[in-house]
Amino acid sequence: MDSAFEDEAEHTVSIQEYLKDVEDQELEADLVLGGDEGKECTYNNGYMKRQAIFSCLTCTPDGNAGVCTACSLSCHDGHEIVELWTKRNFRCDCGNSKFGEFFCKLFPNKDVENVENSYNHNFKGLYCTCGRPYPDPDVEDQVEMIQCCVCEDWFHEEHIGLDSSDEIPRDEEGEPLYEDFICKGCSVICSFLRLYSQTILAAGSQKDSSINTGKDKEVLEDVTLACGSGKLENNISHSSNISEPVSGGEGLLLGENSGKNIGSDQCTTDDNSQVTCVLGVNLVDASPVLECKPLFLSKNWRDALCRCEKCSEFYEQKHIRFLLDKEDTIMEYEKMAKQKREEKLQQQEGAELTMLDKLGHVEKIEILNGIADMKDELRSFLESFDTSKAITSDDVHQVFENLAKKRRRVE
């Protein structure tokens, strides 16, 4: 019997701990949902920069559709839902042609298909190169996964293509020292980032393999690329708005600015585009593929990216222009969610004060008396309660029953 009481006591929490846990869960939900209360379908907002998206495997088992928060709650309640956290440039699919005879309850007038939406195996509830679900039913201890900021897939540390997880930039307490991660597959498109100053890469062994910016050659050599996808030819355009190129290590073409603190002192036009290329490399013609390794990028790395005409054209061709947009980041998304949460809490407080202001004098006194009675009853209960025991639901009911009896005596 004593052991039973001990087990029960181990699972007890204080009121403060309970309220803190509830508040933390609400904050976490707000951060994931971006402050979306799930009351209206987001379809009318078009292709949103970033929003919480869900996949319904009951309606679309092929994983070729995604729905917004409101539709996941109103239209797909009770279905097998996969939470995808957030996706960029996505428009709610609920009720379109992919759902057959199923119509959206919140906004049934949708296009047949959202042609700009992209889907991957996450929409089937699968992640990483191993294609496993999360949580994985075959694994006892679930491990955190890392999201690629380009393809938005999630990866286990042991599957991201490093020799050891020790290569992941972390501080002494194990907290990440990087702002964004780019997976091995996406590093093929984004390997040009290695042409920038090493300050763009988070501290770690990846800096050891970055580009040597020394000026040891005057001519660009033909080089077989690390991923075997072609050669970087000597066909760079030397236009007047690009700094005179020089050859760096590995025969790669680098500009005068490549080894400097880039991003802060570049000339810009009225539309905020740069006149001088930071890299001095025509990425459109060169399309360099340097090294197929995952990238860990330091804080504010996007600020360093070149925004000249040729580089901007390269981003467009590779469909990665979102890399220039700070609002695309999860950090900005969560910042916006926190602001919405604070505004909502302020509105709630304002509504409560407004309600009290509208009450008459007698009603206000009754509310204050009720609060005082509640405090007295709780104080009396806690003073007489055996602290070695756990508070049960019967104890709570007794407190409210005593309050009701006191109320009836007064009346």
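The model is predicted, so local features need pLDDT of at least 70 and side-chain atom pairs count only at pLDDT 80 or more, while totals for chains, interfaces and linings use all residues. Residues are numbered from 1 along each chain as its sequence is written, and side-chain values use heavy atoms, leaving out hydrogens and water.

The chain has 9 helices and 10 strands; these are DSSP runs (helices H or I, at least four residues; strands E, at least two), numbered from the N terminus. Of its 411 residues, 38% are buried, meaning under 20% relative accessible area with a 1.4 Å probe, protein chains only.

A nonpolar core is a set of buried Ala, Val, Leu, Ile, Met, Phe, Trp, Tyr and Cys residues joined through side-chain atoms within 4.5 Å. The largest one holds 53 residues, and Ile182, Phe192, Leu193, Tyr196 and Tyr315 have the most contacts inside it. Elements giving at least two residues each include β2 (81-90), β5 (180-182) and α6 (309-317). This core lies between domain 1 (19-124) and domain 2 (137-205 + 280-325), because both give residues to it; the bounds come from an automatic or database domain assignment. A second, separate core has 15 residues, among them Tyr43, Phe54, Phe99 and Tyr333.

Thr86 sits in strand β2 and is buried, at a relative accessible area of 0%. Leaving aside residues up to four places away in sequence, Thr86 touches Arg50, Glu152 and Tyr333, among others, where contact means heavy atoms within 4.5 Å.

Methods:
Buried < 20%, exposed > 50% of the residue type's maximum accessible area, 1.4 Å probe, protein only.
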